[in-house]
Amino acid sequence: MRPALPPLQFIMSSTDAMSLLPVWVLTGVALLALTVDLFSRKRGAMWSAWVSLIGLFATGLAIWQVRGLDRTVFAGMVRVDPFSQFFSAVIVGVTIVSVLFSWDYLKRTEILRGEYYALMLFAALGMIFMAQANDLIMVFLGLELMSLALYVLAGFRLGRMESTEAAMKYFLLGAFASGFLLYGIAFLYGATGSTNLERISGYLIESPLAGSPLVLLGIALALVGFAFKIAAVPFHMWTPDAYEGAPTSVTAFMAAGSKAAAFAALVRVSSMVLAHVPITTASVLEVVAILTLVVGNVVAILQSNLKRMLAYSSIAHAGYALVGVIAGGPDGHAAVLFYMATYAAMTLGAFGTLTLLGRGMDERVDVRELGGVGKRHPILAALFTLFMLGLAGIPPTAGFVGKLYLFRAGVETHHVQLVIVALLASVVSVYYYLRPVVVMYMQEPSGSPVEVSRSGAASVALAISASITLVVGVLPGGLADSALRSVLSLLP
Amino acid sequence: MNPAFSLFGIPYLSLLVFFPSVGALGVLAVPKARERMARTVAFVVAALEFLLSIPLFTRFQPVAGMQIEERTPWLTGIGSSYHLGVDGLSMLLVLLTTLLTALSVLSSFSAVTERPRAYYSLLLALETAMIGTFVALDLVVFYIFWEAMLVPMYFLIGVWGGERRIHAAIKFFLYTMAGSVLMLVAILWTYFLHHSATGVYSFDLLDWYRLPVPLGVQTWLFLAFAVAFAIKVPMFPFHTWLPLAHVEAPTAGSVILAGVLLKMGTYGFLRFAIPLFPNAALLWMPLLLGLAVVGIIYGALVAWVQPDVKKLVAYSSVSHLGFVMLGMLALNAEGLSGSLLQMINHGISTGALFLLVGVLYERRHTRLISDYGGIWKVMPAFAVVFLIIMLSSIALPGTNGFVGEFLILLGAFRAHRVFAVIASLGVILSAVYMLFMFQRVMFGPVTHPENDALPDLRLREWAVFVPLLILVFWLGVYPAPFLARVQPSLAESASLIERRALLCRTAEARAGRPLSSLLPATPAAPDTAATRQP
């Protein structure tokens with residue numbers, strides 16, 4: 001006998017509506033950004049950029065308004081809790097920084113069209129839904145909203161073969177992943193009679209059938225879907241191509257935002273579902289994490305295209321964050337939250353720097369071309385070095401503290417082997433993160449030196465990313481506390 | 001006890017740690033048009049820092065235990081606090097650091113003309129990390145300073161180094177980092193041991209000193225720490241990064257590397273690896289002693305055949321650091337005092353040797369012994385300074401080297417006779433390779449006409465060497481003020497190691513079951529750790 005379900009409530013109280021304020025605001029802003037573009041052929045796109053920027057700040061304020069709230073709304077579909085607020089804030093921050101990086105980059109590469117910003121906002125909306133999802137259907141909806149917008153954004157450089165290729169690969173493999181996820185959801189529904197995470201979790205706790213093949217199959221398929229989105233090996237194939245071909249500002253947004261959103265959903269699902277399955281899914285995830293760490297870090301060494309190198313680095317970082325998911329519990333999950341926030345700042349900074357390399361349509365992202373940048377553009381080179389060191393996890397950057405929290409959680413839950421693999425992988429990573437630094441500071445330019453574009457907006461964005469990387473590295477207490485407070489709402 | 005005190009409203013140790021970094025920002029703020037000002041600013045900062053560090057010596061009380069402690073909650077969530085303090089062991093090393101940094105800055109005045117602002121600010125940032133490493137009493141804080149040291153050093157080698165600088169810089173970085181990540185695992189592991197034993201999360205070293213560590217895990221934890229430190233020392237099989245890094249680094253980089261960074265390894269053994277895991281250290285003692293002695297002999301033999309003066313000095317470091325390890329592993333009063341004194345001596349004499357090689361290199365742009373000859377005639381004052389420093393390096397009585405080496409051999413002879421006997425061969429060998437080199441460089445006719453007109457030491461160069469010469473004789477003739485200050489701390493270290501060895505054994509016996517049931521890890525884990533040793 002399945003437990004009788006209470007009747008679904010579709011009536012929304014005004015507090016429920018209030019708690020969704022950030023989502024309302026963001027939806028409105030996205031629609032507005034799409035509309036203002038129509039009014040002026042020449043300047044519409046920049047109006048749309050301004051609307052997006054101001055609207056994102058308004059969304060940030062709205063998130064501040066609903067802070068601390070913990071409610072389940074829309075008949076259990078959406079959960080507005082500190083966990084989702086943490087991720088919403090990260091996502092809005094990521095989007096603001098990405099908009100700033102796009103500001104002049106779109107102009108110089110001549111792909112400035114208004115729908116760009118609207119698409120970015122819709123993607124951000126999808127990401128927030130993923131963080132708020134309390135129901136597998138909602139996870140799926142958020143994922144699709146995000147992915148569809150990103151597919152278009154990846155192919156935004158019309159007429160450029162690589163961009164179209166990126167969009168195509170991303171779309172095909174992404175659709176495949178969505179299929180897996182949906183299939184998994186179907187099995188879970190078949191086994192437990194619900195797609196609601198709380199009910200599934202309740203069922204798994206009470207029912208002796210928790211370890212039934214149907215449940216396990218559903219979980220396995222859903223995990224494949226997530227593995228695609230976080231770019232975990234062996235489901236990472238799309239990442240280098242999509243990251244390389246997409247406009248660099250979009251790559252920055254994808255690397256930081258969609259990874260954070262996918263981890264948000266994964267953490268919630270794993271704490272509510274995976275934790276209650278009798279056989280350990282952690283060992284499967286552990287294999288995935290080890291593969292991800294090894295393949296990501298080792299293959300990154302071979303890349304000379306910086307975008308591809310950072311793509312493999314982003315794969316590797318999914319591996320580090322998985323250590324926290326595997327460790328589980330408040331400490332492990334808080335470490336994932338902390339890591340996603342800091343990783344977002346560092347990876348945005350790294351890709352953001354790339355948006356400035358080259359002038360006009362000419363983009364210079366080959367590491368061998370960076371010779372002499374350290375001398376001619378000292379500030380840019382210093383910032384890029386900071387991001388590289390942060391990603392490599394060298395103190396006193398946020399990257400080190402993030403890894404410290406993750407590995408602490410890993411050792412605490414007896415995953416010492418995994419932590420050792422992760423640490424050795426991070427030694428390997430030093431090699432490729434230092435490579436651009438070596439070229440920038442220690443080698444003379446070969447061929448024509450790289451021109452650097454100037455952009456006020458991008459400078460602001462770089463300053464934001466750099467200060468987060470440094471300040472959180474030295475004083476991580478505040479962010480760590482808020483990450484820990486945020487995951488407490490995941491506890492039953 | 002000596003409590004914390006403040007200077008200019010800032011806690012003293014924090015001021016000491018962070019003043020050079022603030023100075024580094026000052027160096028960066030020098031306008032580009034007046035780039036050459038950077039060296040003056042940097043020297044003023046480094047000299048002030050040295051003056052600032054003098055109260056450390058004068059106000060230091062010759063008692064056991066930590067002094068001038070500072071503690072502020074930092075990562076409260078995981079039980080790490082910003083905890084600094086000094087005892088006799090770290091006090092002298094901090095002074096050595098501030099002195100050598102100031103002299104390195106002074107010695108770079110004419111050698112470094114390219115991007116001086118970046119160069120000097122990195123040197124000062126490095127000083128912050130070095131001092132931080134010596135005074136940190138919280139393992140997270142220690143680890144952060146330890147790792148942060150790599151970055152400025154990497155740039156100093158990689159940007160201002162010789163021909164193969166990039167290779168040397170990367171090898172240095174990867175070697176050291178590979179060792180230290182294993183240490184991070186061990187730190188986390190011990191941290192959870194502490195939690196399961198006491199229920200308190202703490203990264204504080206003084207708390208850890210009270211923790212009985214189960215014998216079964218000690219081996220793994222000790223090895224993880226020991227590998228990290230052995231790479232830094234460097235002990236025999238882990239030394240290959242050192243000659244490369246030394247040869248390619250600019251003079252100041254070599255001085256800091258040899259003078260201070262290598263001491264981090266020996267300091268780490270004495271502060272962390274041995275006291276925290278004493279039973280494992282005793283168990284592995286024969287291996288460590290063997291490696292130390294092999295290092296002494298091997299380093300000396302390889303130094304003998306080097307055609308390059310700088311490489312010769314680099315290999316002599318491997319040999320000297322072997323002595324330091326030998327004395328430390330004796331774990332008695334003589335051995336430990338000799339070991340600490342020899343750390344300081346090596347910083348002074350090898351630092352000075354690198355500076356001397358730098359003086360030659362600046363004039364002739366070659367380091368090959370065969371390119372010199374008859375230098376005594378051309379640069380008599382230089383030759384005399386070289387002679388004194390060389391004699392201190394081969395431990396002639398009356399110089400600082402003698403006191404250190406004598407105490408080391410005395411201690412080692414009492415504790416491990418066979419090893420001491422073999423090691424004393426190294427004393428002879430060191431005289432052989434040094435004198436052989438000195439003879440070829442200094443005596444005989446001037447075979448290369450380019451050497452005829454080399455200018456002798458300049459005033460600035462005198463300013464670099466005079467403090468070092470004073471220390472050579474001071475420590476050689478009257479080391480009492482130094483030894484008296486450090487001996488209580490060293491005696492405390494020795495007794496701490498003994499107490500903890502007993503504590504761990506009795507805790508294990510009283511529990512009636514192996515304490516390994518408290519492990520925060522499955523038994524499979526150590527296997528991975530073992531096979532991963534580089």
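This note goes through a predicted model with chains A and B, point by point.

1. **Ground rules.** Residues count from 1 along each chain as its sequence is written, and chains are lettered from A and ligands numbered from 1 in the order in which they are written. The model is predicted, so local features need pLDDT of at least 70 and side-chain atom pairs count only at pLDDT 80 or more, while totals for chains, interfaces and linings use all residues.

2. **Confidence.** The model scores ipTM 0.84 and pTM 0.88. Chain B averages a pLDDT of 86 (the predictor's confidence in each residue, from 0 to 100). In chain B, 95% of the residues score at least 70. Treat residues 515-534 of chain B separately: pLDDT stays under 50 there. The model still has 36 contacts beyond four places in sequence for that stretch.

3. **Interface.** 34 residues of chain B are in contact with 29 residues of chain A. Contact means C-beta atoms, placed from the backbone, within 7 Å. On the chain B side, β3 (67-75), α5 (139-148), α6 (150-160), α7 (165-198) and α22 (524-531) each supply at least two residues. Helices (H or I, at least four residues) and strands (E, at least two) are DSSP runs, numbered from the N terminus. The largest share, 13 residues, comes from α7(B).

4. **Interface make-up.** The side of chain B that touches chain A has 26 nonpolar, 5 polar and 3 charged residues. Here Ala, Val, Leu, Ile, Met, Phe, Trp, Tyr, Cys and Pro count as nonpolar, Asp, Glu, Lys and Arg as charged, and the others, Gly among them, as polar.

5. β3(B) and β4(B) run antiparallel, joined by 6 bridges. Strands pair if DSSP finds at least two bridges between them. B:Thr72 has B:Tyr82 in β4(B) as its bridge partner. The hairpin has 4 residues between the strands, and B:Gly79 takes a positive phi near 75°. Strand β4 (residues 80-86) is largely enclosed by the rest of the structure, because 5 of its 7 residues are buried. Buried means 20 or more other C-beta atoms within 10 Å; exposed means 12 or fewer; partly exposed is in between, with C-beta atoms placed from the backbone.

6. **Helix α5 of chain A.** 17 of the 18 residues of α5(A) are buried, leaving the helix mostly covered.

7. **B:Gly398.** B:Gly398 sits in the loop between α17 (380-393) and α18 (400-415) of chain B. With 13 other C-beta atoms within 10 Å, B:Gly398 is partly exposed. B:Gly398 touches B:Gly476 and B:Val477, not counting residues up to four places away in sequence. B:Ile68 is 330 residues from B:Gly398 in sequence and 34 Å away in space, C-alpha to C-alpha.

Terms used:
Two residues are in contact if their C-beta atoms, placed from the backbone, lie within 7 Å.
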